[in-house]
Amino acid sequence: MKRPRLNTLRTFEAAGRNLSFSLAAEELNISQAAVSQQMRQLETYLNAPLFLRHHRRLSLTGTGKAYLDVVHEALDRLDTITDQLFPDRTH
């Protein structure tokens, strides 16, 4: 099974951490519609709901919370390794 794209996982991590598509969009400098579309595509790809969409509120499903924890850890690990291997790079 092919993995989701890294940009989609970064978007999921921001949306899940903020529990807001709007705040994730602002953080990532993309539109709220783009975040929403990417999350719908990710849920379709995984064939599982990750978010519960309430009126003006967002929460994670149990599966979404578990996936967020792993994605967050993986992205943190990538950042750490990048900093270790390329300490002189511009941030």
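Student: What does leucine 19 count as, judged by its relative accessibility?
Tutor: This is a predicted model, in which local features need pLDDT of at least 70 and side-chain atom pairs count only at pLDDT 80 or more, while totals for chains, interfaces and linings use all residues. Residues are numbered from 1 along each chain as its sequence is written, and side-chain values use heavy atoms, with hydrogens and water left out. A residue is buried under 20% relative accessible area, exposed over 50% and partly exposed in between, with a 1.4 Å probe and protein chains only. The relative accessibility of leucine 19 is 40%, so leucine 19 counts as partly exposed.

Student: Where is leucine 19 found?
Tutor: Leucine 19 has a positive phi of about 50°, although it is not a glycine. Helices (H or I, at least four residues) and strands (E, at least two) are DSSP runs, numbered from the N terminus. In those terms, leucine 19 is found in the loop between α1 and α2.

Student: What does asparagine 29 count as?
Tutor: Asparagine 29 is not a glycine either, yet its phi is positive, at about 60°, and it lies in the loop between α2 and α3. With a relative accessibility of 71%, asparagine 29 counts as exposed.

Student: Which pattern does the protein follow, read along the sequence?
Tutor: The protein has 4 helices and 2 strands, and its C-alpha trace spans about 45 × 30 × 20 Å along the principal axes. Read along the sequence, these elements follow the pattern α-α-α-β-β-α.

Student: How far apart are the end C-alpha atoms of helix α3?
Tutor: The expected span of a helix is 1.5 Å times one less than its number of residues. Helix α3 has 15 residues, 32-46, and should therefore span 21 Å, which agrees with the distance between its end C-alpha atoms, 21 Å.

Student: Which elements do the buried residues of α3 pack against?
Tutor: The buried residues of α3 are Val35, Ser36, Gln38, Met39, Leu42 and Glu43. They cover an arc of only 165° around the axis, which puts them on the same side of α3, the arc being that of the directions from the helix axis to the C-beta atoms. Taking a contact as heavy atoms within 4.5 Å, the buried residues of α3 pack against α1 (6-18), α2 (21-28), β1 (51-54) and α4 (62-85).

Student: What covers the buried residues of α2?
Tutor: In α2, the buried residues are Phe21, Ala24 and Ala25. Their arc around the axis is only 100°, which puts them on the same side of α2. What covers these buried residues includes α1, α3, β1 and β2 (57-60).

Student: How many aromatic pairs are there?
Tutor: Rings of Phe, Tyr and Trp (its six-membered ring) pair if their centres lie within 6.5 Å; planes under 30 degrees apart count as stacked, over 60 as edge-to-face and the rest as tilted. Ring pairs link Phe12, Phe21, Phe51 and Tyr67 into a cluster. By this rule, the count of aromatic pairs comes to 3.

Student: How far apart in sequence are the parts tied together by phenylalanine 12 and tyrosine 67?
Tutor: The ring centres of phenylalanine 12 and tyrosine 67 are 5.4 Å apart and their planes are at 40°, so this pair is tilted. Phenylalanine 12 lies in helix α1 and tyrosine 67 in helix α4, so the pair ties together parts whose separation in sequence is 55 residues.

Student: At what angle are the ring planes of phenylalanine 21 and phenylalanine 51?
Tutor: Both phenylalanine 21 and phenylalanine 51 are buried. Their ring centres are 5.3 Å apart, and the pair is edge-to-face because the planes are at 85°.

Student: Which residues does glutamate 13 touch, not counting residues up to four places away in sequence?
Tutor: Glutamate 13 has its place in helix α1, and at 8% relative accessibility it counts as buried. Beyond four places in sequence, glutamate 13 touches Leu68, Val71, His72 and Leu75.
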